[in-house]
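Here are my notes on this one, written as numbered points. Have the model open next to you while you read.

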Amino acid sequence: MNIAYLSIGSNIGDRLQHLTEAVRLLHLHDEIEVTGISSVYETEPVGYTNQANFLNLVVRLETSLNPFELLGVCQGIENDLGRVREIRWGPRTVDLDILLYNNDNIESENLTVPHPRMDERAFVLVPLMEIAPNLVGVPIDDGGVIRWRKVEGVEHFLNEGK
Ligand SMILES: Nc1ncnc2c1ncn2[C@@H]1O[C@H](COP(=O)(O)OP(=O)(O)OP(=O)(O)O)[C@@H](O)[C@H]1O
Ligand SMILES: Nc1nc2c(c(=O)[nH]1)N=C(CO)CN2
């Protein structure tokens, strides 16, 4: 079984309904089980700022689909929910991006995983951190991404009193 994380966003129409329907359609797929859903966040547009605010969330999936099959399902859901592609990074009824697929690195014409812009997008990292705190990473100068790991905190001094 494979584990994937998707970012889902909407900034046209009934945004929350679009997000809800996208998650429902994913979960209804025979080869997908949605096993984690973040909170929904209202976010200002990045990349192309002359558009309405988005609602964003991140989901965790377990799936027998390969990454390219999963991309096809995502694009089918976008089409089912009426997405029209007019302006790059522009308004959309719904957008489903594959963030991570296992620990795979995929570089192909139609699919790059990890998503190439995920580590510069708070609308991705904040909901991802909520459902997978051990997965958030930061880019490093060789173009890679280091993955943070949680270590012991420093709050123990609070128990020592002042
Ligand atoms: N990880 C990925 N998830 C989804 N689509 C991807 C991914 N990597 C590459 N693509 C390709 O990107 C193409 C354009 O996707 P789309 O129009 O949704 O981009 P966008 O969401 O507006 O911008 P961004 O990719 O910056 O989020 C898709 O047709 C798809 O083939
Ligand atoms: N806040 C926000 N901004 C965006 C988003 C998005 O989902 N949320 N998606 C984009 C293209 O993928 C471009 N800009």
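1. Burial first: of the 162 residues in the protein, 42% are buried, where buried means under 20% relative accessible area, exposed over 50% and partly exposed in between (1.4 Å probe, protein chains only). Bear in mind that this is a predicted model, with local features needing pLDDT of at least 70, side-chain atom pairs counted only at pLDDT 80 or more, and totals for chains, interfaces and linings using all residues. Residues are numbered from 1 along each chain as its sequence is written, chains are lettered from A and ligands numbered from 1 in the order in which they are written, and side-chain values use heavy atoms, leaving out hydrogens and water.

2. The overall layout is three helices and nine strands, taken as DSSP runs numbered from the N terminus (helices H or I, at least four residues; strands E, at least two). Reading from the N terminus, the order is β-α-β-β-β-α-β-β-β-α-β-β. The C-alpha trace spans about 60 × 35 × 35 Å along its principal axes.

3. Where does ligand 1 sit? The space it takes is the largest pocket. For the record, a pocket is found on a 1 Å grid over the protein atoms alone, as an open set of points where a 1.4 Å probe fits, with protein on both sides within 12 Å along at least five of seven lines. A molecule sits in a pocket if more than half of its atoms lie within 2 Å of its grid points.

4. Now the shell of ligand 1. There are 15 residues around this ligand, and Arg-85, Trp-89, Asn-110, Arg-117 and Arg-121 come nearest; a residue is near if one of its heavy atoms lies within 4 Å. By class they split into four nonpolar, four polar and seven charged, with Ala, Val, Leu, Ile, Met, Phe, Trp, Tyr, Cys and Pro as nonpolar, Asp, Glu, Lys and Arg as charged, and the others, Gly among them, as polar. H2 and S5 each supply at least two residues of this shell, and S5 gives the most, with three.

5. On the backbone side, an N or O atom of Ile-98 lies 2.8 Å from a nitrogen atom of ligand 1. The protein covers 81% of the 620 Å² of accessible area that ligand 1 has on its own (Shrake-Rupley method, 1.4 Å probe).

6. Ligand 2 has around it, among others, Thr-43, Glu-44, Phe-54, Trp-89, Arg-92 and Arg-121. Its shell divides into five nonpolar, two polar and five charged residues. A nitrogen atom of ligand 2 lies 2.7 Å from a backbone N or O atom of Val-46. Ligand 2 oxygen atoms are found 2.9 Å from a side-chain N or O atom of Asn-56 and 3.1 Å from one of Asp-95. Of the 340 Å² of accessible area that ligand 2 has on its own, the protein covers 97%. Strand S4 (54-63) and strand S5 (95-101) are the elements giving two or more residues to this shell.

7. Last, look at Glu-78 in helix H2 (residues 67-80). Why does Glu-78 count as buried? Because its relative accessibility is 2%. A polar atom of the Glu-78 side chain lies 2.8 Å from the backbone nitrogen of Leu-96.

Definitions and conventions
A polar contact is a pair of N or O atoms within 3.5 Å; within protein, one must be able to donate a hydrogen and the other to accept it, and residues adjacent in sequence count only if both atoms are side-chain atoms. On a 1 Å grid over the protein atoms alone, a cavity is a set of points where a 1.4 Å probe fits but cannot get out, and a pocket is an open set with protein on both sides within 12 Å along at least five of seven lines; lining residues have an atom within 4 Å of a point.
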